[in-house]
Each structure stands twice: as structure tokens, then as C-alpha cells.
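Hello,

Here is the structure I promised to pass on to you. Please have it open while you read, and my notes follow below.

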Amino acid sequence: MPLIEYLETLRSGKVSEEMIQALCAAAYEKKVKAGTILVYPGEVLDRDIIGFVKRGFCRCYFLDSRGNDVTRSFVPEKDFVFTELRLIEKEAQFTVETSEDCEIIMLDLKRLVHTAGNNLELQSELYLYYIAELEQIIKKMVLRDSTFLMADAQERYREFCELFPEIEKRAKKYQVASYLGITSVSLSRIRRKMKNAKEETARGT
């Protein structure tokens with residue numbers, strides 16, 4: 001189960017059998033077509049439900065004052081969707097949309113907590129996974145902000161490729177460009193420059 005694999009990576013350890021049973025009882029799978037809006041701007045968020053992208057990827061974006069589509073973040077396969085929104089906002093400020101046909105594991109947090117009941121060990125395990133995921137969200141937010149403040153466009157693109165290697169190949173050019181804060185033309189120029197540099201290095205070796 002991809003969700004279990006993710007949790008084991010998150011805390012570098014095995015998920016307990018009790019946790020696996022609790023997750024299975026609280027989860028259901030949802031297939032969503034590409035271009036489906038999962039969250040609308042202004043929507044009051046249901047804090048009891050989060051999703052885990054099993055297949056495909058999602059994009060979080062907003063429209064600026066000129067009506068331009070600006071990508072705020074991407075949600076790749078084997079990552080949670082909605083978590084950042086639910087932690088910092090009561091109402092969604094961004095649109096969350098599936099960029100490809102997706103399979104999403106929906107997790108009912110209220111049911112998960114109820115299943116834990118008075119099992120202190122399971123409650124503790126849930127809490128530790130929550131803290132670990134929170135740390136991941138904060139790291140991603142800090143990395144994005146620091147990269148935008150200190151790095152030039154080419155360095156931002158390089159960081160993006162390291163963070164989202166699969167999405168770099170699958171997302172539309174304008175989506176990647178808006179995430180980086182540059183135009184599609186500038187992105188093409190950076191890609192060409194990096195490709196040429198790589199080819200020159202290969203010839204030199």
C-alpha cells in the first residue's frame with residue numbers, strides 16, 4: 001500500500017499492524033479525472049478529510065490581479081494533498097486541481113482517531129506521524145520561500161527538478177514557469193542552456 005510505504009519513509013521505520021488496520025478502516029480510494037477541481041477558492045475546508053495521491057499529480061494555483069494563472073505548488077504521487085491548506089487556512093485561498101487522471105486515497109481523520117480509541121500506543125503513533133508530516137510541510141514552505149528570495153531563475157529551476165523530477169517531465173510548461181515566477185520563454189531558454197551545458201560536459205569527458 002503506497003500510503004504505508006510513505007509513512008515508513010516519513011519516520012524511517014515500520015508501521016505497526018494496529019496502525020495499518022486503523023488506516024484501512026478509515027481510508028477509501030477515489031478515482032478522479034484530469035482537470036477536476038478538488039478545492040475551490042473560498043471553500044470552507046473539511047479538516048477531517050485528507051487525500052494521499054496514489055497515482056497522477058495535482059496542482060495548487062491562484063489567479064493574480066491580472067487574471068494570470070499562477071502555480072503555488074504541486075502535489076506529486078505518494079504525497080498528501082490538502083494538508084498545507086488545512087493547517088494554515090479556514091477557507092481555501094487557492095484552487096486545487098488534478099493535472100492528470102488520479103487515484104487518491106481519502107483518509108477520514110475523525111474515524112482514524114475514533115478507531116484509535118483508548119489505545120495509547122496507537123494514539124502516540126498517530127501523533128508522531130502527524131508531527132513528522134507537519135515538519136515536511138514546513139520544510140517545503142521554507143525551501144520554496146528561501147529559494148525564491150536567494151536564487152536566480154536557473155537555480156530555482158534546478159531546485160524544482162530535484163524536488164519534482166517526475167512533474168518536471170509531465171506538467172505543462174506554463175505551469176512550471178509560473179511556479180518559478182518566470183515566463184514560458186525564459187523557461188525554454190533555461191532548459192536549452194542547461195541541456196547545452198550538459199552536452200558540453202559529456203563531450204569533455
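This is a predicted model: local features need pLDDT of at least 70, side-chain atom pairs count only at pLDDT 80 or more; totals for chains, interfaces and linings use all residues.

Let me start with helix α1 (residues 2-11), where Pro2, Leu3, Ile4, Tyr6, Leu7 and Leu10 are buried, meaning under 20% relative accessible area with a 1.4 Å probe and protein chains only. Helices here are DSSP runs of H or I with at least four residues, strands are E runs of at least two, and both are numbered from the N terminus. The buried residues of α1 pack against α2, α5 and the strands β3 (49-55), β6 (80-81) and β8 (102-108), with contact taken as heavy atoms within 4.5 Å.

Residues are numbered from 1 along each chain as its sequence is written, and side-chain values use heavy atoms, leaving out hydrogens and water.

The axes of α2 (residues 17-26) and α5 (residues 120-150) come within 10 Å and cross at roughly 75 degrees; axes are lines fitted to C-alpha atoms over the stretch in contact, with angles from 0 to 180 degrees between N-to-C directions. That makes α2 roughly perpendicular to α5, a label for angles of 65 to 115 degrees. From α2, Glu18, Met19 and Ala22 meet Leu122, Glu125, Leu126 and Tyr129 of α5. This contact has five nonpolar, no polar and two charged residues, where Ala, Val, Leu, Ile, Met, Phe, Trp, Tyr, Cys and Pro count as nonpolar, Asp, Glu, Lys and Arg as charged, and the others, Gly among them, as polar.

The structure holds two cavities of 30 Å³ or more; on a 1 Å grid over the protein atoms alone, a cavity is a set of points where a 1.4 Å probe fits but cannot get out, and lining residues have an atom within 4 Å of a point. A volume is the space filled by probe spheres set on the points, which are joined across faces, edges and corners. The second largest cavity has a volume of about 100 Å³. Its lining includes Lys140, Arg144, Phe160 and Tyr179, and α5 gives the most to it, with five residues. By class, that lining has six nonpolar, one polar and four charged residues.

How values were computed: Angles under 35 degrees count as roughly parallel, over 145 as roughly antiparallel, 65 to 115 as roughly perpendicular and the rest as oblique. On a 1 Å grid over the protein atoms alone, a cavity is a set of points where a 1.4 Å probe fits but cannot get out, and a pocket is an open set with protein on both sides within 12 Å along at least five of seven lines; lining residues have an atom within 4 Å of a point. Buried means under 20% relative accessible area, exposed over 50%, partly exposed in between (1.4 Å probe, protein chains only).
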